[in-house]
Structures are given as structure tokens and as C-alpha cells.
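Hello,

Here is the structure I promised to pass on to you. Have a look at it first, and then read my notes below with the picture open beside them.

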Amino acid sequence: MKPEEQYWNPVLETLPREKLQQFQLKKFQNILNWTYENSPFYRSLYKDAGLEPGDIKTLDDIRKVPKTEKSMLREAQGVEPYPYGSILSVPIEQVTEYRQTSGTTGQPVYHPETWQDWEWSAESWAYALYAYGYRDYDRVFLPFGYSINIAFWAGHYAAEKIGCEVVPGGVLDTEARILKMKEIRATAFMATPTYILGMADTARKLGLDPAKDLYIKKITAAGEPGACVPATKKRMEEAWGAKVYDQVGATEIGHWGFECQAQAGLHVLEAFHLVEIEDIETGATITEPGKRGSMVITTFDRFAHPCIRFDSKDVIEWSPVERCECGRTFRLLKGGVVGRADDITKVKGVLLAPTAIEEVVRDIPELGDEYEVIVTKRGDIDDIALKVEINPDFKRNASAIEQKLVQQLRLKTGLRYSLEFHDYGTLPRYDVKAKRFKDLRHKE
Amino acid sequence: MVKEYKTGDMAEKIRLLKQTAIELKRISGGIQAVDRNVDRILASVKMLEINIGDLADINSD
């Protein structure tokens, strides 16, 4: 295959590492200069730290630059230029789109886009969709509410940019979306892992087997960690008879990581971002594979609402694979975003990541897709309740399933759980971001 | 990657595109139908810079 058939941009995607790092340094210096000149928020942050853009001469110097986090963005907004406040780095007349974060962790962050920044969003997604194999012959269905959140908007425009035929399935309900996908023979779609599984469930209730009766070959999974949880990915791929690709991004950051067809981990889109990993407890920089930490990320060419050394709280780790077989030189993460630093919590003295529970539940075929974890305190002792559903065909084997679940949970998470078995279809279903993990200890 | 691309030549064409678009806006007399379409062209030109032109700058350093 010719490079231009394999990569959206063979020049940047196969750039030798040394050159790529030079490129990243120059890009970092450029955006730092831009914010210093144009954003009162960033200028004040850097002046208070005694930092001037000229101080950054090497990639190591970047650690001198103060980090930002979501609470700082929230504090800076809500004043003139309204509503974006002092982070806005272009004249407000240049803003052509309004977005906001989902507000899952509090007050939403307002996000302005200029025409140029919006082109950037579509461009960055195009790298990912092309890597998944989206081409101009694909008919891509968007079963997404086209809301005030950024979600799959950029995916829509990126698919258009690649030349795909894009079908906006906005106001339809799930049944209507599935029937439309069947009717027009859509070959690809994009959704959260929760909704991908939920759609398969709904299709089966309609008497359809998504793997046989529809025409889907590629699915882009974004918005939740599911596609990087092997058991969840397997369920999605088997249900749809299609390849599922993990895609990561956030409103403040933009799209920053994707899987290639080798599916050996998540490629960081390093021509557009600089990713650092920091130890969650000590803050020390992690450069070697095998150690998890929190992501600190800089976006290079998004100018209206810049994102510099943003502590995203996404938990990631570098992969030991030095060069992916796909030929891209962009560094790989092992297992994608494995959780959020906010969600990783100590239960009974043990560090627990909710994705580890998901991996266990979804690796047991007798259990349904849905589950719920509730952490409470009984006296001084933590208690974890895990609610699961047994698939109706296996109800008679409940005690054997329970035994398997207890063993696997103990093995993979090192903890004991109060298990609750519910009838299939009775636990909550979600359309977008699922809330399956509830820590009620501080609220009691 | 074995294939060599003419990144320097492409970067020069991108520069000319940008220069032409900016010049068009300068002489538009404020016609919105020109200015707003030039803004969109410049947004696309910026993507060409990000993909090709900015790397050529590194190569020439």
C-alpha cells in the first residue's frame, strides 16, 4: 500500500522521533508565545511564576511552565469577554461556535471555536478516522443528539473532510436509528461504548442481529473508556461483527489519541499535542513504560481557548512497544485511557480503578452488559456493592456464576464485594456517559 | 517511510495561497461575501501549514 493510502498525512505520521520532538518544541514555544501575548489569564499565570516564553529552550524546560486544570478554567470564565473570560485569546468577534463540557464533574466549561479552530478539530479527527479505515466510499451514521456538547460534532466534519457520506441521525430514537442504518446500509458509526452495546440490545429486541442484518464494518467508540477495556471491546465487536476503534479527546483539549489497525494501543496524535505523564501521588514525570500516571497535555494549534499543560486527570501509561507495526512514529499508550485520577480511589486501603471491575464483569459471558458499583461505609469499614444482571439463558447457573465472579474480582481487584444479582434489563441504561460507579462515603 | 514528498515545494505554494487570500481581502472593499469566504479559505490554509508548511520551517532552521 502506498503511504498516502495508509496515512492521512504520511509526512507527519512517520516523522523520525528526533525530528518530531524538534517539531513539538517549536509548536510548544509558539503557543506559549501566543497565550502570553493574547490571554490575560495565561499572562498572569506565567508572570506570577516568574516565567517568560523565552525561558523555554528545550523539551525538559517545559516542566517549568505552570500546569492548568479544569477548576482554573471555570474560575476564569463568566466575566468579560462574556462568557469566556480571560482565557479567550482572540477578539470575540472571531468566535463562530459555542461548545461546553458535559458538566459531569461540575459547572460546565464554556468553549469558543473560531473557524480556524473548528477546522483544526475536524483535521485532528481526520487523522483518526483515516487510521480506522474510513474512506470516501463509506456511509457514516451519527446516532448522536447534536447537542451543545462537542461530542461527535468534529467526527461528523472529519468524516465529511475524508469524503465519506455522512448521515446525521440526530433526533431519531434508538429503534429508528437502527432501522435507518439498515435501510441505507450504513458502513460505519460513532458512539459511546455504552450506547454501542445498548444499540445492539435494541436491535436484538427488534428481531435483528446487528452482525448479520446490518452492514457496519467500523465503529468509532469515544466518550468513555470502554473500547480500551478488552472484555468490553470484545462484546462490542462480537455484537456488531465489526472492528471497534478507541478514540479519545475532551472539549478543552480536542481529539488527542486513536488506535491504528494494528490495535496495539492508543497512538498519541503527537503532531498536534504534547503529552506528559505524572505520578498521581508524587507528581514526578513518568517517561518509562509500565507505570500509570495522570496525563498533562498541551494542544499546539488551537488559538481561541488555548490548552497548555492541562492536567486532564486521565490515567494512562506508556506502552513498551517502541515502534508500532503500522509504521507511525507517534508514541503508543498501553490500553488507552484506563480511568480517571478522580475515580481511582482507596477502598479498604486498596487502590481501585472502576475499569478493573468492568473488565471482570464483561469477561463473564453469562452476565449482562450493565453493572453498578456503590461504595459506602458501614461504621468504619468500607463496603462495595456490585450489582449485575444475569443473562436470562443462564439463570439456572446463578451459583456457579457467582463463584466465578467472586474469584475474578478477588484476583483482578484484590477486594471482596457485596454482590447483588438483578433481573436482566432492570439496571439503569445510559445513552451517553454512563454513571456506574458511585462513591457515597463522603456523603453519608 | 521510503517515499520522499516535496514538502519544501508544497510549503512555498501554501505561502503563496495565504498571500493571495490576504491580498484578496485587502482589496475587497469590505464586501462581506469576499471577506468571510477568505476567512474560511485562510482556515483551510492554516491546516495546510499545520500538515506541511510548519515542518518545512523546521527543516530550514
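**What I found**

In chain A, β18(A) and strand β21 (residues 437-439) run parallel to one another and are paired over 3 bridges. To find this pairing on your screen, look for A:Ile374, whose bridge partner in β21(A) is A:Lys438. Please keep in mind that this is a predicted model.

β18(A) has another neighbour too. Strand β18 (residues 367-378) of chain A pairs with strand β19 (residues 381-390) of chain A in the antiparallel sense, over 9 bridges. A:Leu367 has A:Ile390 in β19(A) as its bridge partner. The hairpin of β18(A) and β19(A) has 2 residues between the strands, and A:Gly379 in this hairpin takes a positive phi near 65°.

**Chain A as a whole**

Stepping back, chain A has 13 helices and 21 strands. How does the radius of gyration of chain A fit with a compact globule? A compact globule of 444 residues would have a value near 22 Å, and chain A has 22 Å, so the two agree. The C-alpha atoms of chain A fill a box of roughly 70 × 60 × 45 Å along the principal axes. Of its 444 residues, 47% count as buried. Among the contacts in chain A with a separation of 6 or more, 69% are between residues 24 or more positions apart.

Where they touch, 17 residues of domain 1 of chain A are in contact with 14 residues of domain 2 of chain A. On the domain 1 side, the elements of chain A that give two or more residues are α9 (193-205) and α11 (230-240). That side of domain 1 has 7 nonpolar, 8 polar and 2 charged residues.

An open sheet of 8 strands in chain A has the order β4-β3-β5-β6-β7-β8-β9-β14, and its pairing is mixed. β4 and β14 (332-333) of chain A are its edge strands, each pairing on one side only. Inside this order, β3(A) and β5(A) run parallel and are joined by 2 bridges. A:Phe141 has A:Phe189 in β5(A) as its bridge partner.

Another open sheet in chain A has 5 strands in the order β11-β10-β12-β13-β15, with antiparallel pairing. Its edge strands are β11 (285-286) and β15 (339-340) of chain A, and each pairs on one side only. Strand β12 (residues 293-299) and strand β13 (residues 310-316) of chain A are antiparallel partners over 4 bridges. Here A:Ile297 stands opposite A:Phe310 in β13(A).

**A mostly covered helix**

How many of the 10 residues of helix α7 (residues 153-162) of chain A are buried? The count is 7, and the helix is mostly covered. Among the buried residues of α7(A) are A:Trp153, A:His156 and A:Lys161. What do the buried residues of α7(A) pack against? Their partners in chain A are α6 (115-132) and the strands β3 (139-142), β4 (165-168), β5 (188-191), β6 (218-221) and β8 (254-258). Just after α7(A), A:Gly163 takes a positive phi of about 110°.

Chain B has 2 helices and 0 strands. Its radius of gyration is 14 Å, while a compact globule of 61 residues would have one near 10 Å. The C-alpha atoms of chain B fill a box of roughly 45 × 20 × 15 Å, taken along the principal axes. Of the 61 residues of chain B, 18% count as buried.

The contact between the chains takes 16 residues from chain A and 15 residues from chain B. On the chain A side, the elements that give two or more residues are α2 (10-13), α3 (17-38) and α6 of chain A. By class, that side of chain A has 6 nonpolar, 5 polar and 5 charged residues.

Enjoy exploring, and send me your questions.

Best wishes

Methods: Residues are numbered from 1 along each chain as its sequence is written. Chains are lettered from A and ligands numbered from 1 in the order in which they are written. This is a predicted model: local features need pLDDT of at least 70, side-chain atom pairs count only at pLDDT 80 or more; totals for chains, interfaces and linings use all residues. Two strands pair if DSSP finds at least two bridges between them. A residue is buried if 20 or more other C-beta atoms lie within 10 Å of its own, exposed if 12 or fewer, and partly exposed in between; C-beta atoms are placed from the backbone. Two residues are in contact if their C-beta atoms, placed from the backbone, lie within 7 Å. Ala, Val, Leu, Ile, Met, Phe, Trp, Tyr, Cys and Pro count as nonpolar, Asp, Glu, Lys and Arg as charged, and the others, Gly among them, as polar. The radius of gyration is taken over C-alpha atoms; the globule rule is 2.2 Å times the number of residues to the power 0.38.
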